[in-house]
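I wanted a quick look at helix packing and charge pairs in this one. My notes are below.

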Amino acid sequence: MAAAAAATCSPGAGGLGSAVAAAGKNSVTSFQRRGPRASGSDGGGSRLVSIAGTRPSVRNGQLLVSSGLPALDQLLGGGLAVGTLLLIEEDKYNIYSPLLFKYFLAEGIINGHTLLVASSKEDPADILQELPAPLLNDNCKKEFGEDVCNHKTSESNIKMKIAWRYQLLPKMEPGPVSSSRFGHYYDASKRIPQELIEASKWHGFFLPEKMSSTLNVESCSLTHGYMKLLHFIQNIIYEEGFDGSNPQKKQKNILRIGIQNLGSPLWGDDICCTENCKNSQSLTKFLYVLRGLLRTSLSVCIITVPTHLIQNKAIIARLTNLSDTVVGLESFIGSERDTNPLYKDYHGLIHIRQIPRLNNLIGDVSDVKDLAFKLKRKLFTIERLHLPPDLSDTVSRSSKQGLAESAELRGPGCGVMAGGKTHLDF
């Protein structure tokens, strides 16, 4: 293009020679990177990869952010895609799902992302005060060196006695990896430093403070709390320039949206109270509008929903279809598995219900099915569910007899979803 422009200004044979000389000085080949546009400071020439705490997907080039839990990022294909929605199905007693919620927010503070925290029962300022402390570089190895060593020794012992089918499954990273700069590890026993919270930029939505005394009935059949929250999110996206409407913004950033206990009665929704609820379409319409806002902005959202309280299972199916990624937590607390020696090393199961369908006609399916999680003294880990094939060391003779009888009644089931209530069937 530079040669053509020079030739136009200097026609003729002599002009062509000067044009070639000028092209040799000013042109940039395809093998050279342009200096001014590689920094990402321009509005038209900016690249999303330059945003802190992001990386492109190796599958489809979609911009990804970390969920705050590297093991979960690995299961979801590298991380959470910008513009998508992650739905967390809360465990029965709501003990472990808040940890994933806080990891997501803490990861945003470490990377300098803007936070939007919405809740109906806790003040967002109090939620930020309870975020776990990050472990960076040498501190990460120092704090979790013992856990990583224990995991390596257990892996070497498992190789000698586990079934062959487990060895064919992809391996998961149990502990910190020094070469990985995407995603951080956090100490659940410590709180994030106050100076990091003060230096971060966040917006809080506390429903009791946003509710007015005069409630107007909306034509779109959304509850008053959902309407207020949608307007709040929309204003933040447009005013802060996360929708790209402000090309003069000197630096782009990611908006991390966290909504806690969505669908509970505290939000004014009755889907958890009765099967034939009046506002059965309110939450689905809210998610539909929310996904539209996410798709057109540099934002990513995580919501927690008490699905175990929803009476109508058709509503759960609609929520799954309106979400991009769905992860379910099943705690062993209060169940027979809590006292079962087979599950003594774990605190619950984690189910990858759905993986986002981005630039594809069909959705990806997780390679690992049998997943369990456990909360150690400092670390929340996700591992493959290993059950010992020889039960002589872990289960008594009466327990083995009960396991054999249940296997005969249920037939040749296999896997976690085989229908067993007490033990897994193999």
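I'm working from a predicted model, so local features need pLDDT of at least 70 and side-chain atom pairs count only at pLDDT 80 or more, while totals for chains, interfaces and linings use all residues. Residues are numbered from 1 along each chain as its sequence is written, and side-chain values use heavy atoms, with hydrogens and water left out.

**Helices 11 and 12.** I took helices (H or I, at least four residues) and strands (E, at least two) as DSSP runs numbered from the N terminus. The axes of helix 11 (residues 224-239) and helix 12 (residues 282-295) come within 11 Å and cross at roughly 5°. That makes helix 11 roughly parallel to helix 12 (angles under 35 degrees). I fitted the axes as lines to C-alpha atoms over the stretch in contact, with angles from 0 to 180 degrees between N-to-C directions. For contacts (heavy atoms within 4.5 Å), helix 11 brings residues including Leu 229, Ile 233 and Ile 237, and helix 12 brings, among them, Phe 286, Val 289 and Leu 293.

**Helix 5.** Does the length of helix 5 agree with what 14 residues should span, or disagree? At 1.5 Å a residue, helix 5 (residues 97-110) should span 20 Å, and its end C-alpha atoms are 21 Å apart, which agrees. The expected span is 1.5 Å times one less than the number of residues. I find 13 of the 14 residues of helix 5 buried (under 20% relative accessible area, 1.4 Å probe, protein chains only; exposed is over 50%, partly exposed in between). Gly 112 follows helix 5 with a positive phi, near 75°.

**Salt bridges.** I count 7 of them (a side-chain nitrogen of Lys or Arg within 4 Å of a carboxyl oxygen of Asp or Glu).

- Lys 102 pairs with Glu 130 at 3.1 Å, N to O. Lys 102 lies in helix 5 and Glu 130 in the loop between helix 6 (124-129) and strand 6 (132-135), so the pair ties together parts 28 residues apart in sequence. Lys 102 is buried at 17%; Glu 130 is partly exposed at 32%.
- Arg 353 pairs with Glu 89, closest N and O 3.3 Å apart. Arg 353 is in strand 12 (residues 348-354) and Glu 89 in strand 4 (residues 85-89), 264 residues apart.
- Lys 374 and Glu 383 meet at 3.6 Å, N to O, and both are buried.
- Arg 291, Arg 295 and Asp 324 form a network.

How values were computed. Angles under 35 degrees count as roughly parallel, over 145 as roughly antiparallel, 65 to 115 as roughly perpendicular and the rest as oblique.
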